[in-house]
Amino acid sequence: MAGVLAGHPLDTLRIRLQQPPPPASPGITAAPGRPASAASLLRGILRAEGPSALYRGMGAPLASVAFQNAMVFQVFAILSRSIDQPSSMSEPPSYTSVALAGVGTGALQTLILSPVELVKIRLQLEAAGQKHRRPGDHHGPVDMARDILRKEGVRGIYRGLAVTALRDAPAHGVYFWTYEYARERLHPGCRGHGGEQESLATMLVSGGLAGVASWVCCYPLDVVKSRLQAQGYPPRYRGIADCFRRSVREEGLPVLWRGLGTAVARAFVVNGAIFSAYELALRFLASSSNDQRLVMEEN
């Protein structure tokens, strides 16, 4: 939840930067203008809509992120141990099993993430030029989800599921592999149970690098996903391939990397915090369990 609070303003900038320009009016054939930079877009949002616009759509991920991350880390832990079956529980999983477990984890978590992302994106764009209704028609994530279900059905709430899975499966493989590799390089021996525990700085840097690597490898798919989920009904794009083809034809190849700088900056901060919180929570829970066991033995 702290990660969402810290990273949501940059996420709002990323989503708005990724959107296509509004269609030109009939009879007007103006050349497409240069896309706004993150800094100019931020100034425009603050001036026209106020600081609260940067946090619009935060309710949906905030309500689900604790359960989603708990599921992600638990599924990853189970899969990484199941794939190569190390001879001893004190041995860390191999890097291959870490990557494969990450792929499986990323694919499974899209069932939760895809509807949440769709509602979040629609709310983030509601007050911008990409809105589907008048400002004020939706008051929160529940209202938006109900409206999508009424107009587009269950298929509408899961729009973008396939491209989300295509993005998240390989991205999570890179994500967990990079984290495990980086922490071992920065603090040799920390992956084994007998090794010395890594420092907070190692957790922050390793988690940040993992987030950056996972976003860079999948970013073009994220642009396509954002555009598919932002469109209303009837849809502007017919599918993943059509969105990819039309976006490149109309705006050039750089469109697939638009907003990457904002995404990378957010990814380093948020994922450094996520991995640090995860590792520190595990240590705290383990120490609490050991303290209780000692008290029981003394009694």
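Which residue lies over the face of Y95? I found R191 there, at 4.6 Å from the ring centre. The rule I used for a charge over a ring asks for NZ of Lys or CZ of Arg within 6 Å of the ring centre and within 35 degrees of the ring normal.

A note on what I am working from: this is a predicted model, where local features need pLDDT of at least 70, side-chain atom pairs count only at pLDDT 80 or more, and totals for chains, interfaces and linings use all residues. Residues are numbered from 1 along each chain as its sequence is written, and side-chain values use heavy atoms, with hydrogens and water left out.

**Entry: E152**

I placed E152 in helix 5, residues 141-157 (helices are DSSP runs of H or I, at least four residues, numbered from the N terminus). E152 counts as buried because its relative accessibility is 16%; buried means under 20% relative accessible area, with a 1.4 Å probe and protein chains only. Setting aside neighbours within four places in sequence, I found E152 in contact with R122, R159 and Y233 (contact means heavy atoms within 4.5 Å). Y233 is 81 residues from E152 in sequence, yet their C-alpha atoms are 7.3 Å apart. With R159, the E152 side chain makes a side-chain polar contact of 3.1 Å. For a polar contact I need a pair of N or O atoms within 3.5 Å; within protein, one must be able to donate a hydrogen and the other to accept it, and residues adjacent in sequence count only if both atoms are side-chain atoms.

**Entry: Q229**

R159 turned up again here: its backbone oxygen lies 3.1 Å from a polar atom of the Q229 side chain. Q229 sits in helix 7, residues 200-230, and counts as buried because its relative accessibility is 0%. I also noted a 2.7 Å polar contact between the side chains of Q229 and K225. Leaving out residues up to four places away in sequence, Q229 touches several others, including R122, R159 and G160.

**Entry: aromatic rings**

I paired rings of Phe, Tyr and Trp (its six-membered ring) when their centres lie within 6.5 Å; planes under 30 degrees apart are stacked, over 60 edge-to-face, and the rest tilted. How many aromatic pairs does this rule give? I counted 13. One of them is W215 with Y219, which is tilted because the planes stand at 55°, with centres 6.3 Å apart. Both residues of that pair, W215 and Y219, are buried. W215 and Y219 lie in helix 7, four residues apart, about one turn of the helix. Ring pairs also link F73, F76, Y175, F176, Y179, F275 and Y278 into a cluster.

Terms used:
Helix = DSSP H or I, 4+ residues; strand = E, 2+ residues; numbered from the N terminus. Buried < 20%, exposed > 50% of the residue type's maximum accessible area, 1.4 Å probe, protein only.
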